[in-house]
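Visitor: I'd like to go through this one with you. Could you put it up and start with how you use your terms?

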Amino acid sequence: VQLQASGGGLARAGGSLRLSCAASGRTLRSYYVMGWFRQAPGKEREFVATISRGGGSTDYADSVKGRFTISRDNAKNTVYLQMNSLKPEDTAVYYCGIEVSGGSMWRVVREGSEYDYWGQGTQVTVSS
């Protein structure tokens, strides 16, 4: 499975960006839990948001709740992260991940160690 993340860039505080992550690969026969994580310089990778296989269940880190929205288009095998009201502390490299164990269509995964594949990361920089 390959994940291709895009959409990062430079934004001002209060602005918006939309990240995309497209999944592909011969083994991609079903829909899987997907998530976004981020890593700021000198910090560990942290959970941002996750969405269930069917898209009906989502979960967010407290730091982004109410500002970020995760969604998916299963026909395109793509997950999105709409980021509004950006803050300088949102500056990080954002990674998308996919967890391929299957299970409930409502299951979400916050733990990074449970993800099986990762994208290459996309830089988000928010200026004050």
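Guide: Let me start with strand pairing: two strands count as paired if DSSP finds at least two bridges between them, and strands (E, at least two residues) and helices (H or I, at least four) are DSSP runs numbered from the N terminus. This is a predicted model, in which local features need pLDDT of at least 70 and side-chain atom pairs count only at pLDDT 80 or more, while totals for chains, interfaces and linings use all residues. Residues are numbered from 1 along each chain as its sequence is written, and side-chain values use heavy atoms, with hydrogens and water left out.

Visitor: OK, which residue stands opposite Ala5 in β3?

Guide: That is Cys21, and the strands β1 and β3 pair in the antiparallel sense over five bridges.

Visitor: And how many bridges are there between β3 and β8?

Guide: Six, again in the antiparallel sense; Arg18, for instance, has Gln82 in β8 as its bridge partner.

Visitor: Back to Cys21, which cysteine does a disulfide join it to?

Guide: Cys96, with an S to S distance of 2.0 Å, where a disulfide is called when two cysteine sulfur atoms lie within 2.5 Å. The pair links distant parts of the chain, since Cys21 is in strand β3 and Cys96 in strand β9, 75 residues apart. A search of the whole structure finds one disulfide.

Visitor: Is that disulfide right-handed or left-handed?

Guide: The torsion about the S-S bond is about 60°, so the disulfide of Cys21 and Cys96 is right-handed.

Visitor: Are those cysteines buried or exposed?

Guide: Cys21 is buried at a relative accessible area of 0%, and Cys96 counts as buried at 0% too; buried means under 20% relative accessible area, exposed over 50% and partly exposed in between, using a 1.4 Å probe and protein chains only.

Visitor: Last one, which residues have the most contacts inside the largest nonpolar core?

Guide: They are Trp36, Leu81, Met83 and Tyr94, in a core of 35 residues, where a nonpolar core is a set of buried Ala, Val, Leu, Ile, Met, Phe, Trp, Tyr and Cys residues joined through side-chain atoms within 4.5 Å.
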